Amino acid sequence: MSRVVVVEDDPAILRGLVDNLEGEGYEVIAAADGVTGLDAIREHSPDLVLLDLMLPKLSGYEVCRTLRDEGSATPIIMLTARGEEGDKVLGLDLGADDYVTKPFSLRELLARVRALLRRHAPAHELLDVLEFDDIEVDFRSFEARRDGEPLHLTRKEFGLLRAIASRPGEVVSRETLLDEVWGYENYPSTRTVDNHVASLRSKLEDDPSSPRHLLTIFGVGYKWVAGDSTLS
């Protein structure tokens with residue numbers, strides 16, 4: 001579970017961000033001023049910081065500058081009602097990774113959070129070939145076979161299976177799958193992932209209603225259980 005520190009002095013915005021981030025499965029620590037926020041970041045070592053620019057006690061600029069001077073590489077998204085180009089440039093020059101101007105689209109902000117966390121996450125290698133039961137999937141040639149006979153998968157199904165099976169035993173969220181397979185800027189709803197997973201199960205699982213490999217982790221996402229699979 002990724003940990004996010006939100007530093008925002010507007011109570012309504014802070015509450016809304018905390019609720020929505022927690023709804024996405026993040027652990028969230030909230031702070032309403034710059035000093036408290038800086039202490040929370042130092043104490044909790046978050047995976048990402050959402051940082052308002054105009055804060056009491058210590059501005060977002062100063063929080064960002066202090067963190068970078070201390071050697072912190074924690075990703076920072078700055079939030080501000082000020083949209084002047086100079087403010088954005090200063091924030092980025094001080095070490096912020098992204099910049100969102102209020103009022104912002106919550107969906108876009110959450111997508112930026114996911115994208116930034118993904119860029120800073122440890123890299124994982126994608127599979128080239130997956131073999132399990134009587135099925136072989138070659139992700140390089142976009143070919144799949146069951147017991148030697150061609151098995152038709154769509155390009156999105158190939159991408160979805162590769163993204164999940166490349167992390168055996170790890171729960172992969174729907175949002176991560178949307179980012180990696182569809183792209184975060186213009187992606188459909190998380191229901192699209194569920195529909196594609198159902199289609200994959202109908203083609204890959206002996207009993208789609210009781211899958212052994214492509215498992216649902218309710219409220220979180222999906223997990224690949226290799227069993228007797230061969231990963232390469």
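Visitor: What does buried mean here, and what do exposed and partly exposed mean?

Guide: Buried means under 20% relative accessible area, exposed means over 50%, and partly exposed lies in between (1.4 Å probe, protein chains only). Take Lys203: its relative accessible area is 19%, so Lys203 is buried. Some ground rules come next. The model is predicted: local features need pLDDT of at least 70, side-chain atom pairs count only at pLDDT 80 or more, and totals for chains, interfaces and linings use all residues. Residues are numbered from 1 along each chain as its sequence is written, and side-chain values use heavy atoms, with hydrogens and water left out.

Visitor: How many salt bridges does a search of the whole structure find?

Guide: A salt bridge is a side-chain nitrogen of Lys or Arg within 4 Å of a carboxyl oxygen of Asp or Glu. The search of the whole structure finds 24. One of them joins Lys203 and Glu157, with the closest N and O atoms 2.7 Å apart.

Visitor: Where do Lys203 and Glu157 lie?

Guide: Helices (H or I, at least four residues) and strands (E, at least two) are DSSP runs, numbered from the N terminus. Lys203 is in helix H8 (residues 190-204) and Glu157 in helix H6 (residues 155-165). The pair links distant parts of the chain, 46 residues apart. Glu157 is buried, at 3% relative accessible area.

Visitor: Which residues do salt bridges with shared partners join into one network?

Guide: Asp133, Asp134, Arg146, Asp206 and Arg212.

Visitor: What is the exposure of Glu143 and of Arg145?

Guide: Glu143 is partly exposed, at 39%. Arg145 is partly exposed, at 38%. They form a salt bridge, with the closest N and O atoms 3.8 Å apart.

Visitor: What does Asp138 touch?

Guide: Contact means heavy atoms within 4.5 Å. Not counting residues up to four places away in sequence, Asp138 touches Asp128, Val129, Glu143 and Phe158. Asp138 lies in strand E7 (residues 135-138) and is buried, at 16%. The backbone nitrogen of Arg140 lies 2.9 Å from a polar atom of the Asp138 side chain.

Definitions and conventions. A polar contact is a pair of N or O atoms within 3.5 Å; within protein, one must be able to donate a hydrogen and the other to accept it, and residues adjacent in sequence count only if both atoms are side-chain atoms.
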